[in-house]
Amino acid sequence: MINPEMNKLVETLLEGDHAAALAEARRLRTAGMASERIVTEGLEAAMQRLDDKCTVESFNLLEIMLAGRAVSAVVNELYPEGMPPERGRDTFVIATLEGDIHDLGKNVTKMVLIGKGYRVVDLGKDCPVENLVNAVEREHAHAVLVSGLITPVIPQVRRVRPALAARGLGGVRVVAGGAALKQATAGELNVDYVAETAFDGARYLDSLARGAV
Amino acid sequence: MPVLVVRVNGATHSIPYEPGPSLRDILDVTEYRVRSACHGIGACGLCRVCVIAGEAGEATQNERLHLLPALLSQGVRLACQIRPKQDLHVEILNPAPPSNWKSPPDATLLQGAHKRGAGDRWLPSGVRHPGGLAVDLGTTNLCLSLFDLARGKWLADRWGRNPQHRYGADVVTRLAAASGSPDAAQEMSRLVIAAIGEALLDIATREGFDLRRVACVTLVGNSAMLALLSGRNAELLLRPENWTRPVDCLPRDTSGWVAEWGIDSAAEVDVLAPLAGFVGSDLLAGLVATRFIEGASPALFIDFGTNSEIALWSGKELWVTAAAGGPAFESSGIGCGMPAEAGAVFRVEAQADGGLNYLIIGDDRARGVCGSGLVDLIARLIEVGRLTPVGRFVNGATGFAFSTGGTDLTLSKNDVDLMQRAKAAIGVGIRVLCSRAGVSVKELRRVCVAGAFGRYLDIASAQSIGLLPMVPPEKVELAGNTALAGCCDVMLSSLAAGRLDHLRSIARLLNLAQQPGFEELFMENLYLQPLRED
């Protein structure tokens, strides 16, 4: 159920109208609403609606990207220094691994997670496994997400869990997604979960955050 | 346009046609071929039809030789001897057996390839009237042209589906399958070699051509198709660092191919090396065929396909890139899509009453929509306000349902999305090449559109959704299959082969995904609106 005060924000986010979304977020804050509530009741509601729409394939790539851009704009407005880790929600590290430079899917996933109120550290594309592990340690991340469009990146994906374990970070969950990776099983990739879509991955991370997995 | 009504196997089909060619040639590009074995010179007498209504002209001497007076008086004729000019109603008495191979719709597919000059190529001794086969290996289609080498004279064309399709519609999926399994790699190579053999056999039986006369075979293709043909280095092509570097995709030994095809045992097989991991020799051949760097500049060249290749000639520099936009231009993966062949909606026109009129290739029954039909349909729906530039149907509709040629078709939002992604990749390519070469999009003095997709393309529709830059329509050349035309050039002329080498040496490669601001630019180009000009 969407808080009626949030209707306009949710609507502008789904429209992908980032200027209007930004203006509405500023208005809500000036009216005294806490940033945290704008995220949890506005952004998350919009992401839920987007998830529902994508499930029935009624959102195209441009609409998802526009909504993602609007969500990012609002988050940057509310938290210009970046989302504080102490907000109580989990931190995730996301990257497209070395050997792959396609990061559209990774960026969509990042937008979905930010919209759900998570703190996301983006290491970009063509990222060595070593950098990934360093970031997990530095940011106290709860999970890492790796994306791959092309199959040659699979050996790199398999290395992530052992590399984390070698630093005593064995409890950190590893989620894989992307065209090349979603055809494989979690066992084949040596990861905890293979996400069919950005939203599927986000749902898995939600269940982690709730301690259900 | 006069209409040919064809009755075959109990069904009737209406086919509009341009007068000029023989009835056999008109039928050859449709699904309804008549049996033949002599290249249509009236020698075999197999292509029998019965004229039911309309004027077919006087019987020729060849017809009187093959057909008894009683048959002639019943209206039985030879399709290769009739050149219809008006509406004609015929029944095909001797239909050709089903084949995967067809003649291309018309000569524009080959853009002047038929008029190539006499060859200056070394010819093998011992083969009289040697022939040469040019092959364009496309991701979706294979196209072939057979020439008399000594006279530089065109003999026959064929095109058909690339049988590797079962391993995936796009090159990345096929390369991944090949690098993951030696069996799959071997099978994909075998499939293409066998398909070329089938096409040759279709030419041999239908045109009465002795395949032992084939003294050389020249092949072009995108890098992935060449690697899969040769069974070499498919895995290298999956690694982005190789995309802008040369990758060896040439076969080690082709004697087995020559034996399988049944051509002259001393025949030379010449696979033209790709430019780099993501730009094939098909692009180089296209630049040769269009005399790209010898014409007006700045000039843009786009070979539309599953993996579109784009070149920009500034007058001084030649920049080249590839845009992997998916198979939407070939209408693969589109719910209502089909290739640009008989039964495809290829044009959609607005009518005065606000309705839409659908034109169908070579048939009165629609089976789907080809790439150019898709571009038209999307452009028309935006014009009438049923679809927004974001790719959203108004009033929450999930698609656009329409009925034409006795078939109900639906353009879904997902179909539109696939076209948006494909055209966004092209848009990014054009913008990035122009900015690298220091050319503004509106300064372009020549735009060459290559590929079968361009054949039926409406330039204004393509411009309105941002698929082509907004230049005056007379500056846009719909050049057809330039890869095959250039392959013919190189096979027939050492001058053309030299030009190809020159292009190879001056081309500068760009990897779009590594350009700064790629994502913003991609997003901007997903909109169904004219291409930005600055």
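1. Arg291(B) counts as exposed, because it has 12 C-beta neighbours inside 10 Å. In this predicted model, the phi of Arg291(B) is near 50 degrees, a positive value in a residue other than glycine. The residue lies in the loop between α9 and β11 of chain B.

2. The peptide bond that joins Ser297(B) and Pro298(B) is cis, with omega about -5 degrees.

3. Which residue of chain A has a positive phi although it is not a glycine? That residue is Asn190(A), with a phi of about 60 degrees. Asn190(A) is found in the loop between α8 (186–189) and β5 of chain A. A residue is buried if 20 or more other C-beta atoms lie within 10 Å of its own, and exposed if 12 or fewer do. Asn190(A) has 16 such neighbours inside 10 Å and therefore counts as partly exposed.

4. Chain A as a whole contains nine helices and five strands. Along the sequence, the pattern is α-α-α-α-β-α-β-α-β-α-β-α-β-α. Of the 213 residues in chain A, 50% are buried. Among the contacts in chain A with a separation of 6 or more, 73% are between residues 24 or more positions apart.

5. The strands of chain A form an open sheet of five, in the order β2-β1-β3-β4-β5, with parallel pairing. The edges are taken by β2 (119–122) and β5 (193–194) of chain A; each has a single partner strand, so one side of each is left without a neighbour in the sheet. Strand β1 (residues 91–96) of chain A runs parallel to strand β3 (residues 143–147) of chain A, and five bridges join the two. Thr96(A) stands opposite Ser147(A) in β3(A).

6. Chain A is divided into domain 1 (4–78) and domain 2 (85–209). The C-alpha centres of these two domains of chain A are 24 Å apart. Their contact takes 14 residues from domain 1 of chain A and 10 residues from domain 2 of chain A. On the domain 1 side, the elements that give two or more residues are α3 (35–55) and α4 (61–78) of chain A. The largest share of that side, nine residues, comes from α3(A). By class, the domain 1 side has eight nonpolar, three polar and three charged residues.

7. Leu22(A) has its place in helix α2 (residues 18–30) of chain A. Because Leu22(A) has 17 C-beta neighbours inside 10 Å, it counts as partly exposed. Leaving aside its neighbours within four places in sequence, Leu22(A) is in contact with Ala73(A), Val74(A) and Glu77(A). Leu97(A) is 75 residues away from Leu22(A) along the chain, and the C-alpha atoms of the two are separated by 32 Å.

8. Where are the nonpolar residues gathered? In soluble globular proteins, nonpolar side chains tend to be buried together. The largest nonpolar core here has 223 residues, and those with the most contacts inside it are Phe92(A), Val144(A) and Ile378(B). Helix α11 (residues 413–437) of chain B gives the most to this core, with 13 residues. Leaving aside its neighbours within four places in sequence, Phe92(A) has contacts that include Leu113(A), Tyr118(A), Val120(A), Val144(A) and Leu205(A). A second, separate core has 20 residues, among them Leu27(B), Cys47(B), Val49(B) and Leu88(B).

9. Several residues of α5(B) are buried, including Ala185(B), Met188(B), Val192(B), Ile196(B), Leu200(B) and Ile203(B). The buried residues of this helix also include Ser189(B), Asp202(B) and Arg206(B). After α5(B) comes Gly208(B), whose phi is positive, near 60 degrees.

Conventions
Residues are numbered from 1 along each chain as its sequence is written. Chains are lettered from A and ligands numbered from 1 in the order in which they are written. This is a predicted model: local features need pLDDT of at least 70, side-chain atom pairs count only at pLDDT 80 or more; totals for chains, interfaces and linings use all residues. Domain bounds come from an automatic or database domain assignment. Two residues are in contact if their C-beta atoms, placed from the backbone, lie within 7 Å. Helices (H or I, at least four residues) and strands (E, at least two) are DSSP runs, numbered from the N terminus. Ala, Val, Leu, Ile, Met, Phe, Trp, Tyr, Cys and Pro count as nonpolar, Asp, Glu, Lys and Arg as charged, and the others, Gly among them, as polar. A nonpolar core is a set of buried Ala, Val, Leu, Ile, Met, Phe, Trp, Tyr and Cys residues joined through C-beta atoms within 7 Å. Two strands pair if DSSP finds at least two bridges between them.
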